[in-house]
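Here is a note for a colleague who is opening this entry without having seen it before. The points below may be read with the view beside them.

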Amino acid sequence: MRRWLYLLPVAVFVLMAAGFYVGLNRDPDVLPSPLIDEPAPQFDLPPLPGKDKGLSTADLKGGVSLVNFFASWCVPCREEHKALSAFAALKRVPVYGVDYKDKPNAVAEWLGELGDPYTQIGADDGQVGIEWGVYGVPETFLVDATGRIRYKHVGPLTQAVIDKQILPLIARLGR
Amino acid sequence: MRRFFLALLLLTVLAPLPAHAVRPDEMLADPVLEARARDIGQELRCLVCRNQSIDDSDADLAHDIRVLVRQRLVAGDTDAQVIAYIRSRYGDFVLLKPPFQPDTWLLWGGPGLVLLAGLWAAGRYLRRQTRTAATPPLSADEERRLAQLLDDKAEP
């Protein structure tokens, strides 16, 4: 028989191995968002009790900003809080918070305990989360000066994500 | 008494209610709209539990999307508009049935391709079989030799 046929199983193996190598190294919890490079959804959220400013689409225009969906009941949010606070302390861009499906007194307590890195916070009952395609807090978006979403991170922020992805992107987008 | 329990057992077996997570307070008063909401809910994936539809899932997000679907329907959206609305936020993955588009051609066409490959392989195999069957007849020389061999065997 033809010699090359003997190589067929090897070729199939190499192809499958390559497929698995790529596939198994991808995080199955991260879904592609159709909102990347799209204008941020319209919203207007009320402030947390005791604060005077909520958060709306208008706040996102005029400069690059980071929008972080979080909640006091969310354990990974506690985990990312340190990295997020360190990022906010750099004062590169405003860090806006969307408090997702939370109890007002619970979030006040949470921010009191851990510190409040946010420039402004809006309280969301879940509707705005759906508008932004949020399927599990924490999720973080980078919005450019024209109000377009440029980047999305699902899951807790880490110093590595901030250093390798977010800061370079902010530098590229201008402030 | 026994017959009663048998009947009860039969009833529970024959009438299993679908285990929907749709809560009574979410349902619309209009049965037509509610039926449409159910049809849509069956097609949308719950992004928290991944392999359940939003109608089957108890997750909070599934509840919110069910409510949203009903709000859009009441507002006068068509079924396709409601699905497009959710899809524009959560992407193709939210659809339990993947759409037919360039990046899913291989997914949808794969079984057909495998079938074609199988038919091709089967065809080749069968053709080779018939070719082996049609071997040329023995030459005069071979006939003589064969007769000789058979005779050898018959003699002792």
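Helices (H or I, at least four residues) and strands (E, at least two) are taken as DSSP runs and numbered from the N terminus.

1. What is being read. This is a predicted model, in which local features need pLDDT of at least 70 and side-chain atom pairs count only at pLDDT 80 or more, while totals for chains, interfaces and linings use all residues. Residues are numbered from 1 along each chain as its sequence is written, chains are lettered from A and ligands numbered from 1 in the order in which they are written, and side-chain values use heavy atoms, with hydrogens and water left out.

2. Make-up of chain B. Chain B has six helices and zero strands, and along the sequence its pattern is α-α-α-α-α-α. The radius of gyration of chain B (taken over C-alpha atoms) is 33 Å, well over the 15 Å that the globule rule gives for 156 residues, so chain B is more spread out than a compact globule. That rule is 2.2 Å times the number of residues to the power 0.38. Along the principal axes, the C-alpha atoms of chain B fill a box of roughly 100 × 60 × 25 Å.

3. Helices α2 and α3 of chain B. Two packed helices are described by the angle between their axes and the distance between the axes. Here the axes are lines fitted to C-alpha atoms, for helices over the stretch in contact, and angles run from 0 to 180 degrees between N-to-C directions. Helix α2(B) packs against helix α3 (residues 60-74) of chain B at an angle of about 135°, with the axes 10 Å apart, and that makes α2(B) oblique to α3(B). Oblique is what remains once angles under 35 degrees count as roughly parallel, over 145 as roughly antiparallel and 65 to 115 as roughly perpendicular. In the contact (heavy atoms within 4.5 Å), α2(B) contributes Leu33(B), Glu34(B), Arg36(B), Ala37(B), Arg38(B) and Ile40(B), and α3(B) contributes Val69(B), Arg70(B), Leu73(B) and Val74(B). These residues divide into six nonpolar, no polar and four charged, where Ala, Val, Leu, Ile, Met, Phe, Trp, Tyr, Cys and Pro count as nonpolar, Asp, Glu, Lys and Arg as charged, and the others, Gly among them, as polar.

4. Helices α2 and α4 of chain B. The axes of α2 (residues 31-43) of chain B and α4 (residues 79-90) of chain B come within 11 Å and cross at roughly 35°. Arg36(B), Ile40(B) and Glu43(B) of α2(B) meet Asp79(B), Val82(B) and Ile83(B) of α4(B), and by class this contact has three nonpolar, no polar and three charged residues.

5. Make-up of chain A. There are five helices and seven strands in chain A, arranged along the sequence as α-β-β-β-α-β-α-β-α-β-β-α. Its radius of gyration is 20 Å, well over the 16 Å from the globule rule for 175 residues, so chain A is more spread out than a compact globule. The box filled by its C-alpha atoms is roughly 80 × 35 × 30 Å along the principal axes.

6. The sheet of chain A. Which strands form the open sheet, and in what order? Five strands of chain A do so in the order β5-β4-β3-β6-β7, with mixed pairing, two strands being paired if DSSP finds at least two bridges between them. Strands β5 (120-124) and β7 (149-154) of chain A stand at the edges with a single partner strand each, so one side of each is left without a neighbour in the sheet. Strands β3 (residues 65-70) and β6 (residues 139-143) of chain A pair in the antiparallel sense over five bridges, and Ser65(A) has Val143(A) as its bridge partner in β6(A).

7. Helices beside the sheet. Helix α2 (residues 75-89) of chain A lies across β3, β4 (95-100) and β6 of chain A, running at about 160° to β3(A). The axes of α2(A) and α5 (residues 159-173) of chain A come within 10 Å and cross at roughly 35°.

8. Backbone details to check. A cis peptide bond, with omega about -5°, joins Val137(A) and Pro138(A), and Pro138(A) lies in the loop between α4 (127-131) and β6 of chain A. Asp37(A), although not a glycine, has a positive phi of about 70°.
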